[in-house]
Amino acid sequence: MAYAWSMARANITELESAVEKFYIHMDRYPSSEEGLEALVTEPADGAGKWRGPYVKMVRLDPWSNPYQYRSPGQNGSQTFDLWSRGADGADGGEAEGADITNWQ
């Protein structure tokens, strides 16, 4: 579990950085509807501003589930929430099933 948890944490950190770069160029975060795909594929309003792709590809988490993204965020002081649902693939959980987030 430690390896998978560390990998998910590293991926979330990389995605966080990419979302922040998107913000710098676009003056906004990707919407929840656009999701993390806006880091790879230029959004409709991106002409002249979007300088991506910001990541080569949006990977699945170590448990083969998509990373979750929400903007505006609902947790902590972040303006977006980014998380893996952990080994159980469901929100919440404990031990191996615990979520790995950008707000904790």
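Which residues have the most contacts inside the largest nonpolar core? They are Leu-36, Leu-39 and Leu-82, in a core of 19 residues. This is a predicted model, in which local features need pLDDT of at least 70 and side-chain atom pairs count only at pLDDT 80 or more, while totals for chains, interfaces and linings use all residues. Residues are numbered from 1 along each chain as its sequence is written, and side-chain values use heavy atoms, with hydrogens and water left out.

**Core**
- A nonpolar core is a set of buried Ala, Val, Leu, Ile, Met, Phe, Trp, Tyr and Cys residues joined through side-chain atoms within 4.5 Å; buried means under 20% relative accessible area, exposed over 50% and partly exposed in between (1.4 Å probe, protein chains only).
- Helix H1 (residues 2–26) contributes seven residues, the most to this core; helices (H or I, at least four residues) and strands (E, at least two) are DSSP runs numbered from the N terminus.
- Beyond residues up to four places away in sequence, Leu-36 touches Leu-15, Val-19, Val-58, Tyr-67, Tyr-69 and Leu-82 (contact: heavy atoms within 4.5 Å).

**Helix H1**
- Among the buried residues of H1 are Ala-4, Asn-11, Leu-15 and Phe-22.
- Their cover includes strands S1 (68–70), S2 (81–84) and S3 (100–101).
- Just after H1, Asp-27 has a positive phi of about 60°.

**Aromatic pairs**
- There are six aromatic pairs, counted when ring centres of Phe, Tyr and Trp (its six-membered ring) lie within 6.5 Å; planes under 30 degrees apart are stacked, over 60 edge-to-face and the rest tilted.
- Trp-83 and Trp-103 are edge-to-face because their planes stand at 65°, with centres 5.7 Å apart.
- Trp-83 is buried at 6% relative accessible area, whereas Trp-103 is partly exposed at 25%.
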